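Please view the sequence and the model side by side while reading.

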Amino acid sequence: MTTPPQPLTAKDVAKVALLARLALSESDLERMTGELSKIVGFVSMLGELETSDVAPLAHPLDTQNVFRDDVPAASLSTAEALQSAPRHDGECFLVPAVLGDSGAA
Amino acid sequence: MSNSAPYTTIIGLEVHVQLMTRTKLFCGCSTKFGGAPNTQVCPTCLGLPGSLPVMNRQAFDLALRAALALECTIAPFTKWDRKNYFYPDLPKGYQISQFDLPFSSDGTLEVVDPKGAFEPRRVGIIRVHLEEDAGKSMHDEAAGTGDTRIDLNRAGTPLCEIVTQPDLRSPQEARAWLNELKLLLVYLGVSDCNMQEGSLRVDANVNLHIPQPDGRIAKTPIVEIKNMNSFRSVERALVYEAARQWEDWQATKAEMGKTPKQTRGWDDPAGITRAQRHKEESSDYRYFPEPDLVPVTVTAEQIASIRNGMGEPPVSLRKTLASKWTISPYDADVLVNQGRELVDYFEDLATRVGEGKVASNWMQQDVLRILNETNGTVAAFPIRPAGLADLIGRVMKGDFDTSRGREIFAEMVTSGRPVDEVVASMGISAVSDDDVIALCRELLAANPKIVADVKSGKEQAAAGLIGQAKKKNPNVNPGKVRATCIDLIRGMD
Amino acid sequence: MQPIEMSAVDLVAALRQGDITAVQCTTAFLDRIEATNGTINAFLAVDRDGALTRAADIDARRKAGKPLGALAGLPVALKDVLCTTDMPTTCASKMLQGFRPPYDADVVARLRNADAVFVGKTNMDEFAMGGSNENSAFGPVRNPWDLSRAPGGSSGGSAACVAGDMAPVAIGSDTGGSIRQPAGLCGITGLKPTYGRVSRRGLVAFASSLDQIGPMARSAADCALIMETIAGHDPGDSTSLAVDVPRYTDLLDKPLAGVRIGRVPEHYAEGLDPEVAKGVDEAFAVLKAAGATVHDVKLPHAKYGIPTYYLIAPCEASSNLARYDGAHYGHRAEPGKGHRAEPSQQADGFESPLVEMYCRSRAEGFGPEVKRRIMLGTYALSAGYYDAYYAKALRVRRLIRQDYLDAFQSVDLIGGPVSATPAFKLGEKTDDPLAMYLVDLYTVGTNLAGVGGISFPCGFTKSGLPIGFQLQAPPLAEPLLLQAADRFQRLTDWHRRRPKTTGEVKA
């Protein structure tokens with residue numbers, strides 16, 4: 001990192017909490033801000049290292065090209081699919097009302 | 001847009017097509033449309049704890065095929081990324097997609113209007129990538145506040161995302177281009193592109209470029225339009241949106257960059273676009289490399305082998321047909337736009353008939369007419385090329401005139417029987433050349449006035465003989481009667 | 001010798017020879033669990049009926065002369081992060097309390113096919129996040145060597161159940177040391193195989209590029225036996241290696257002569273407990289006596305392992321744990337009920353009932369450490385921070401892996417401590433997350449590099465706590481890891497010692 005990290009504010013942490021879909025109470029938020037600041041400060045020690053000519057390594061394997069054939073396999077029954085659903089109607093999972101598909105895009 | 005419009009409409013499209021695989025992208029569940037809810041699901045596409053994806057080879061190959069047909073550059077190394085967001089139709093909380101290293105980029109697809117309604121347009125393709133589809137959310141609109149029902153049968157279906165440059169210049173062009181894209185993908189067997197079943201979905205980005213008195217080009221804010229359920233809707237939505245932006249511009253003079261990109265939904269019954277709520281956090285997808293999959297490398301040999309097995313795309317097939325069978329570009333376009341099966345039918349027919357132009361005319365005026373009337377497919381068309389070629393050959397020989405030929409054709413369609421049987425059942429028999437000559441001699445003897453008229457140079461007088469000939473023998477070819485009579489009269493000298 | 005004192009290798013042999021029946025063997029361990037689990041809390045679920053039914057079936061098949069699997073009748077405990085169709089899989093989280101997967105993990109299926117008998121699911125840090133087992137939603141595990149101390153984590157229940165003679169073998173998972181560190185703190189042997197050697201299918205993911213399943217047992221020979229069953233290619237895991245599985249048990253007899261073992265001087269930096277340092281030095285001496293040679297090697301970026309790990313693992317975890325949102329399975333907050341979180345980020349309320357359901361279900365279902373890591377990972381992947389944190393960590397990961405590859409040019413194995421200290425007191429580090437993260441100092445490099453490592457006892461402190469020794473090896477060198485650890489165990493008896501605390505409990 002070329003610039004030292006800015007300390008996290010409660011506002012930053014609240015934004016992250018919404019992204020992560022975690023409800024935090026005021027006191028949770030305060031504690032989380034302190035803890036995350038400390039951890040972020042610690043991991044920022046990586047900034048000591050010059051890595052501009054080092055390629056990122058996301059995965060330890062060098063394996064490539066793993067495929068399966070386009071052959072159908074058994075699906076679960078609807079009952080099995082829904083067996084752990086907090087709410088369902090025997091056919092579908094039920095969730096609080098939303099409008100529209102996410103439209104995977 | 002007509003040339004007189006005070007602005008240019010700038011359009012880019014984002015198209016999602018489902019690939020024609022038997023199974024999903026990362027698991028062995030069926031991709032068949034229309035199953036009962038949550039019957040085509042397994043731990044992987046339900047996103048159950050501990051489940052893992054394994055890439056469907058056929059999906060990757062079909063995606064490669066699409067990208068090659070769109071003249072894209074294929075990346076030698078590609079990987080998948082997670083696009084993170086919460087939605088109940090996305091059970092893992094992320095979509096496996098491609099971010100910074102899509103498997104292909106930088107392609108093009110041209111659209112030409114054979115009637116010249118717009119100039120040929122080469123549309124740049126920014127990228128084509130392979131990703132998984134989400135499930136379906138169903139809302140009981142009437143209930144209003146009730147639960148939303150989630151069906152995950154569609155979750156994990158392979159999708160190709162095709163993103164164009166903002167190269168289209170009118171709603172009409174956009175629609176024509178989409179037709180061309182659909183035709184291409186259907187030709188290649190990549191997708192069935194059925195919009196009703198959601199196997200092709202389109203979003204459009206549109207804004208206006210407005211020349212200013214000082215020579216500067218003002219650009220209106222880009223709007224993304226969603227929820228368009230047919231190519232016709234795409235055209236209508238774009239027409240509406242361009243007009244809306246023009247009005248908005250005149251009122252506000254708002255330019256691009258000052259406001260964030262807006263998303264508007266097309267309301268088809270109302271014929272308008274409506275602003276959709278903007279979610280501030282929704283754009284932070286936190287893409288990162290999918291650690292449960294490994295990268296894919298593609299060699300030049302693989303690309304060559306897919307290219308070889310791909311078949312001829314529509315754009316070159318039109319040219320091939322026009323030159324091989326000496327038919328007009330318009331006719332070639334009509335044939336090609338009907339799909340590969342019809343082209344195969346036509347080429348079989350033309351080979352048998354020996355005359356491309358004649359075969360093409362029968363295709364356009366007769367075969368396509370019936371297919372349109374009956375909403376049928378060429379595969380199910382009752383007359384096969386051999387039978388039709390038999391009929392056309394006899395008409396060409398003069399056994400029947402064209403209108404007689406049409407009657408026989410219609411009966412062949414209805415009965416599914418070959419020419420000979422139909423002819424027999426209709427009491428039609430071919431008339432031999434000798435019979436025609438004998439008939440004509442009889443007529444000439446009975447009509448000295450007409451003979452005299454023709455002799456004096458009024459050849460059109462011979463038409464008077466044709467009605468009489470038909471009365472005597474309904475199967476005679478009028479053209480042949482006319483030509484024979486004239487020849488006989490000339491021979492009298 | 002009582003069954004509960006026997007090694008897995010001996011039990012399998014005794015079962016095969018008919019010296020003991022599967023029912024007798026299983027009953028002995030189940031009785032032991034019943035007597036001690038109330039104290040140790042190593043198990044979250046015990047399947048007494050299922051285990052006995054299975055054992056009886058195996059005995060019947062053996063009597064009928066039918067073919068039996070390689071582990072026929074051997075009791076095995078499974079970390080509760082492995083999907084099982086016949087027992088709940090909770091990851092020690094309230095989020096998955098009572099959750100029953102409709103499928104078996106690949107390792108579970110392999111063990112079933114080998115006719116192992118599952119006695120129960122072991123306690124762990126919630127979603128495998130932690131180094132003390134204190135992050136379990138169902139209470140901490142006590143270290144059998146000192147009930148006031150932690151067993152380590154995250155596979156704390158697996159380590160404690162083996163140390164406490166409640167199972168001869170337990171299966172664990174290791175993302176940053178979660179097999180090796182608790183094995184070290186509980187005086188047992190634990191192997192973290194090369195990434196990809198054992199299928200991850202059905203292992204509830206913590207950090208997918210780091211997670212690996214491995215055996216935990218009383219000896220290296222027992223681990224070798226289990227590896228023969230659980231290792232191997234799984235076409236259902238894209239990251240599973242398509243490499244043949246060696247006969248690990250047959251390779252144990254090879255002498256250690258000429259094997260070069262690296263010693264990392266930086267391991268002896270401040271913070272290493274002197275008693276642990278002494279135990280480690282003595283272990284090197286034993287290996288030398290067995291014919292190995294010891295050489296100093298450098299792992300220059302080792303000190304960056306912890307920050308690198310604590311970026312990469314939370315980033316992957318933030319995504320892996322997104323699926324626990326109350327929509328399709330797991331805990332869902334009651335609408336308008338439960339604790340009113342008054343979430344500050346939603347001063348004007350949640351934007352929709354769905355978002356409220358998500359935020360409250362996750363707030364109620366996850367414990368504090370899981371939340372911290374989700375928050376940290378979400379932050380480090382978010383726009384504006386990705387390059388500085390996540391991408392930076394990936395670059396350092398490459399440097400760390402390169403250190404290992406370089407070191408393995410000159411040595412065959414790298415030895416050293418597993419943990420800087422012996423087992424610490426319960427509650428000692430719970431108020432300081434960062435201090436807890438540092439317990440993984442010597443173990444995270446193995447996972448970041450994707451190589452293998454084994455941990456086994458090399459001595460005891462004056463107060464009677466086990467000291468662990470770790471060996472790390474190049475990819476797929478499990479035979480050498482097991483061979484070296486087994487050789488060490490033929491020359492020492494640290495691994496045979498039994499904790500007094502539970503030893504006094506009469507089964």
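## Basis of the model

The model is predicted: local features need pLDDT of at least 70, side-chain atom pairs count only at pLDDT 80 or more, and totals for chains, interfaces and linings use all residues. Residues are numbered from 1 along each chain as its sequence is written, while chains are lettered from A and ligands numbered from 1 in the order in which they are written.

## Chain A

Chain A contains 3 helices and 2 strands. Helices (H or I, at least four residues) and strands (E, at least two) are DSSP runs, numbered from the N terminus. Along the sequence, the pattern of chain A is α-α-β-α-β.

Of the 105 residues in chain A, 36% are buried. A residue is buried if 20 or more other C-beta atoms lie within 10 Å of its own, exposed if 12 or fewer, and partly exposed in between, with C-beta atoms placed from the backbone.

## The side of chain A that touches chain B

In chain A, 38 residues are in contact with 50 residues of chain B; contact means that the C-beta atoms of two residues, placed from the backbone, lie within 7 Å. On the side of chain A, the elements that give two or more residues are α1 (10-19), β1 (67-68), α3 (78-82) and β2 (93-95).

The residues on this side of chain A comprise 22 nonpolar, 9 polar and 7 charged. Here Ala, Val, Leu, Ile, Met, Phe, Trp, Tyr, Cys and Pro count as nonpolar, Asp, Glu, Lys and Arg as charged, and the others, Gly among them, as polar.

An open sheet of 3 strands has the order β2(A)-β10(B)-β9(B), with antiparallel pairing. Two strands pair if DSSP finds at least two bridges between them. The edge strands are β2 of chain A and β9 (136-139) of chain B, each pairing on one side only. Direction ignored, neighbouring strands of the sheet are turned by 35° against each other on average.

Between β2(A) and β10(B) (residues 148-151) there are 3 bridges, and Phe93(A) has Ile150(B) as its bridge partner. Between β9(B) and β10(B) there are 4 bridges, and Lys136(B) stands opposite Asp151(B).

## A hairpin in chain B

Strands β15 (residues 262-267) and β16 (residues 272-275) of chain B run antiparallel and are joined by 4 bridges. Trp266(B) is the bridge partner of Thr273(B). The two strands, β15(B) and β16(B), form a hairpin with 4 residues between them, and Gly271(B) in the turn has a positive phi of about 70°.

## A helix pair in chain C

Helices α1 (residues 8-17) and α7 (residues 220-230) of chain C pack at an angle of about 60°, their axes 8 Å apart. The angle makes α1(C) oblique to α7(C): angles under 35 degrees count as roughly parallel, over 145 as roughly antiparallel, 65 to 115 as roughly perpendicular and the rest as oblique. Axes are lines fitted to C-alpha atoms, for helices over the stretch in contact, and angles run from 0 to 180 degrees between N-to-C directions.

From α1(C), Ala8(C), Val9(C) and Val12(C) meet Ala221(C), Asp222(C) and Leu225(C) of α7(C). The residues of this contact are 5 nonpolar, no polar and 1 charged.

## Nonpolar cores

A nonpolar core is a set of buried Ala, Val, Leu, Ile, Met, Phe, Trp, Tyr and Cys residues joined through C-beta atoms within 7 Å. The largest such core has 279 residues, of which Ala63(B), Ala66(B) and Val76(C) touch the most other members. Helix α12 (residues 387-410) of chain C gives the most to this core, with 10 residues.
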